[in-house]
Every structure is written in structure tokens, then in C-alpha cells.
Amino acid sequence: MTDELGALTTVFTEFYYWITVVLMFLIHVGFCMYEVGASRYKHHQHTLMKNTMLIPLVTITWFLFGWWIYWAFPTGPGLAPSIMNESAALITDDSAFSAKWYVPSSDLMAVNLGDHISGVFWAAFLLFSWTAASIVSGAVIERITTFAFGILAIAIGSVFWTIDAAWGWHFDGWMLKILGYHDAYASGVIHAVAGGFALGILCVLGPRIGKFSSTGEPRNIGPRNPWLVTIGLFLIYTGFWGFYAACNIPIFDLGPEYGMEGVTYFTATNIYVTPTTLSGITMNFLMSLSGGLLVGYLISKGDPFWTYSSGLAGIICASAGNDLYHPIQSMIIAMIGVVVAYKMHYWVERKFKIDDAVGAVAVHGYAGVAGLIICGFVLNGYPSSGYSVGSMWVGTDYAPINPLGMFIGAIIMFFVLGFLPGWILAKILHGMGKLRIPREVEIAGLDYDIMEASRDDEKSVASSTR
Amino acid sequence: MATVTNWIDHLSAKEVQGAVYPGVGTEGILVLIALVLWIGWHVICNMQETSKLEKLARKRHGASDYKNNISDW
């Protein structure tokens, strides 16, 4: 860096993403507290450890191959040509945004004086990966083995969400070009895919012992500690601020980027490099949170668990288009999303005997899908990219945002990249006898031995006189 | 092992080398080590967890037995 203004822009961008990473760490703290609060006393410590250990597992695999997948797969491969090299193959050539630079042995994947951005951008995406895996973690508590969860966390955190991000959350993604897909703050690429993945696992894993009566009536289990759940959800809200900021590029000159001769236009952009403002999305964030809370309180008749979760579901539902919506549109969309999530949760629970312990499939999956579909109607006709806009299905330029494309996008996120891989992997793990803990352990409690040892220690210490 | 031994020489070079970590050129070996550690962790933890779960399952505790173990330090 040799000119002051360029250096300032680079260092500002570096620091901007660094701050988002720190904020997003709170999402994971929140998920851990939430899960421990929702689990029963005899499973607390294992529940906490399961969610904690996804941090190193997803981080290492994100370093080894997850980040590479994001940069290699925007073309499908084979579905739409890249605007960088006009090839539909995996992007591994010498172009500026090629996956070639992000193999784990690349010298850009380290302290490099010539690159101030790759590391913090890598970390911001990694925190999204933790979130995807953590969403799944809550749904399967108290009966999955830590081994199986580790494998599944890597699959969703470092493989499947990364593929969907390359397809639909990348300026060169084929879903933008062919479907006009738009998902600015990840209704689909994080939430719908993780919700679908969790549902796929739950279908194979089965409910907790005692969740359903002999006649099939669902019973309520917990949460054991509603205060921990409350703090957990507030921390997730807090981390979500960082998540929103991390989905933006803080400063970008769109004039030369779009090939407009003689035009200089500095702005913040979303991940697709189309303009938005941090100011506007902040209003939308708060209005969608409020819409979610209002309806959640109403529909659940003041149940705290559902009210807090609905605040989150509201943001998730409005997120796809929160870069462009009016704040009141955002609030109304959030309200619709909460009704869909709440009603679907209980319908699926009764109909298919699915035990989603924390409502993760509903809050993330159903609200995310609803958000994508609604976005297709509300933003119908907006360009999905600033580079060029053409007609749907051509694939060489970008289709505009449209209802059909967004509906197909929602199916790809929830079902193709979420539900199916989750179901298949769970089936394989089940076949190996590795998916679920033994029945006797589930009844006794995963923490039985730890608690017994602690009691023995307590007795020994209490009876000591010196 | 040191990639930089003099910052003045390093930064005044015609083309400043970006990679400054120790052992530039050994990245492939480092990746192999990371792979072994990652896979090895899964193998060992799986064995530990399996034996722990089997041992606890054999004891056949009741659903409320854990309450006798609640400590209050």
C-alpha cells in the first residue's frame, strides 16, 4: 500500500470485517446458552460440549476446503458461465476471484503483507458456517452422538451451505443469472438450508423418549431454564447485527465496477455488489424484529419461548430483501413469516412426529423459505446484479428478481441442499450405528457419570477435616 | 526458517514479498499435518465416546437416578 487514501480504504475494510466477526461470535455464545437452557439437567454438559466442538471442527475444514468451494462453484459447475473467464467450469484459473488463491497451501491463506482482506473475509464467512451448524445443533439435542453431530456439522458448515453460497450468494453465482435469485441477508443461504438439513436429520434420528404419548400426542419438554434461553436469544439478536454488517461490502466505487465511463459512485453494497446502505438495513432489521415479536406474542398468547424465537424468525423472513424493502414492508413480511413458522411447526410435529427440540426448523427453515418466496413478489423486476440484466434462463447475463425464480431458489435451498443431504448422511450414520446414543443412556442422562463423579468429590471434600 | 531477517531490506525491495510467516514454501506439509490431526481427532474421539456410552448403558440407570447426583458445592 503506497497511497494514503487506498491504504485507508483497505485498512477500514479490514477492520470493518474484523468487527463483524467479533460481533458474530455472540451468535455462537447465544446458541450455546439457548441450547443448555432448553436441555434437561441430566444432559446439560454434553449439550454444551456438542455445540462448542463444532467451532474447531468447522473452522479447520473451512480452512482446508470450505473457502475453496465458495470460490470454485459459482458456475455450478456447468450451469452458467462465469463473468470473469466466460467458462462454466469450476473457477480455478488465474482470474482475480479464483478458488486457486484459496487452497489451504496458498500463501494468501496466511499473514501476507500484500493482502489485508482475504483473512477477515474468510473469517466472516466462517462465522456464517458456525451459525449454519449451530442451527442444526439445537434441533437434535439430548439424543445424537457427538461423533455423528461433528460429521453433520462439517457437512452443513463447510460443504452444503458453502455450495449454496457459491450458487446464490456470490456476484457470479449461476442462480442470479438463471433464476434472478436474491437473498441479501441469507434467508435461504443460511437459514433455509440449515433448517432443511436439520429436518432431514430429525426424520432419521427420531424423537426424544417421552416426547410423544402412546396415542401420538406431542408433549412439551422444557425449557428447563427459560432465563438462559432468554439471554441466549438476546445474544443471538446482538450477533445478528454483526451478521447483517458482514453481508455488506462497506465501501465500493460502482462506476468503474459496472463499466460506466467517467462515473464515480462510492457506496456500501450487498454481497452481490448492488447498492444499499447500512443505515437503511438497520431500520429494516429493527422493524422486522419488532414485527416478529409482535406477532409471536400474539399467536403464542404471550409464551416467552415463542415470542423470542419469533423475533428471530421475523428478521430471518425479511432478510432476503432487507437491502431494498421499506421498513414497514419489512415488518409486515416478518409478521407473515412468524405465522408460517409457528403454524408449520405444530402441524409437522403432529403429522410426522418430528421432535424439533428448539423449533430450529420452524424459525430458520420455514421462515427462511417464506422470506424467499415473498421476496420474489415484492422485489419482482429489480435487477439481481448490477453487471447486466437479461432474460430468465439464458445464463450468460443476469435474470431480474422474479417470483418463479425465487420459488425454485427456495426449493434448492431447503430441499436440494438442505433436507436431502441431511437425510442421506443421517441414514448412513444410522446404518453404521453411530447416529443415536443408546436408549439406556438417554434415559439415565448423558451427564450421569460426570454428575456422579462430582457428587463423590463433593462428599469427600465435605467430610474432610484438613 | 525466518523469512524476514531485516525489515528495512524487506520493505525497500523493488517488489515486497507478501508472505512473511516462518517456513514459506512448506505450506503443503503444514496442510498434510492439519489433515492428519483433523482425521485423527475424529477417530480417537469416536472410540472414546463409544466406550463411554457402552459403559453407561450397561448400568441401566432410571430416568430420575441422576437426581441423587446433584451436587451443591
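In which hand, left or right, does H1(A) pass H2(A) where they cross? The crossing of H1(A) past H2(A) is right-handed. The model is a predicted one, and the points below should be read with that in mind.

1. Helix pair H1(A) and H2(A). Helix H1 of chain A covers residues 4–38 and helix H2 of chain A covers residues 44–72; their axes come within 9 Å and cross at roughly 160 degrees. Angles over 145 degrees count as roughly antiparallel, so H1(A) is roughly antiparallel to H2(A). By class, the residues of this contact are five nonpolar, five polar and one charged.

2. Residues between H1(A) and H2(A). On the H1(A) side the contact is made by His28(A), Phe31(A), Cys32(A), Glu35(A) and Val36(A). They meet H2(A) residues His44(A), Thr47(A), Leu48(A), Asn51(A), Thr52(A) and Ile55(A).

3. Helix pair H10(A) and H11(A). Helix H10 (residues 304–318) of chain A packs against helix H11 (residues 327–352) of chain A at an angle of about 120 degrees, with the axes 7 Å apart. H10(A) and H11(A) are therefore oblique to each other. H10(A) passes H11(A) in a right-handed crossing.

4. Residues between H10(A) and H11(A). From H10(A) the contact draws on Trp306(A), Ser310(A), Ala313(A), Gly314(A), Ile315(A), Ile316(A), Cys317(A) and Ala318(A). The H11(A) side consists of Ser330(A), Ile333(A), Ala334(A), Met335(A), Ile336(A), Gly337(A), Val338(A), Ala341(A) and Tyr342(A). By class this contact has 13 nonpolar and four polar residues, and no charged ones.

5. Asn270(A). Is this loop residue buried or exposed? Asn270(A) lies in the loop between strand S2 (266–269) and strand S3 (275–276) of chain A. Asn270(A) counts as buried because 21 C-beta neighbours lie inside 10 Å, where 20 or more are required. Beyond its neighbours within four places in sequence, Asn270(A) is in contact with Ala184(A), Cys247(A), Asn248(A), Thr276(A) and Asp323(A). Ala246(A) is 24 residues from Asn270(A) in sequence, and their C-alpha atoms are 9.2 Å apart.

6. Chain A overall. Chain A has 15 helices and three strands. Its radius of gyration is 23 Å, close to the 23 Å given by the globule rule for 466 residues, so chain A is as compact as a globular protein of that length. Along the principal axes, the C-alpha atoms of chain A fill a box of roughly 80 × 50 × 40 Å. Buried residues make up 53% of the 466 residues in chain A. Of the contacts in chain A with a separation of 6 or more, 74% are between residues 24 or more positions apart.

7. Chain B overall. Chain B has two helices and zero strands. The radius of gyration of chain B is 26 Å, well over the 11 Å that the globule rule gives for 73 residues, so chain B is more spread out than a compact globule. The C-alpha trace of chain B spans about 75 × 30 × 15 Å along its principal axes. Buried residues make up 7% of the 73 residues in chain B.

How values were computed. Residues are numbered from 1 along each chain as its sequence is written. Chains are lettered from A and ligands numbered from 1 in the order in which they are written. This is a predicted model: local features need pLDDT of at least 70, side-chain atom pairs count only at pLDDT 80 or more; totals for chains, interfaces and linings use all residues. Axes are lines fitted to C-alpha atoms, for helices over the stretch in contact, and angles run from 0 to 180 degrees between N-to-C directions. Helices (H or I, at least four residues) and strands (E, at least two) are DSSP runs, numbered from the N terminus. Angles under 35 degrees count as roughly parallel, over 145 as roughly antiparallel, 65 to 115 as roughly perpendicular and the rest as oblique. A crossing is left-handed if the near helix is turned anticlockwise from the far one by less than a right angle, and right-handed if clockwise. Two residues are in contact if their C-beta atoms, placed from the backbone, lie within 7 Å. Ala, Val, Leu, Ile, Met, Phe, Trp, Tyr, Cys and Pro count as nonpolar, Asp, Glu, Lys and Arg as charged, and the others, Gly among them, as polar. The radius of gyration is taken over C-alpha atoms; the globule rule is 2.2 Å times the number of residues to the power 0.38. A residue is buried if 20 or more other C-beta atoms lie within 10 Å of its own, exposed if 12 or fewer, and partly exposed in between; C-beta atoms are placed from the backbone.
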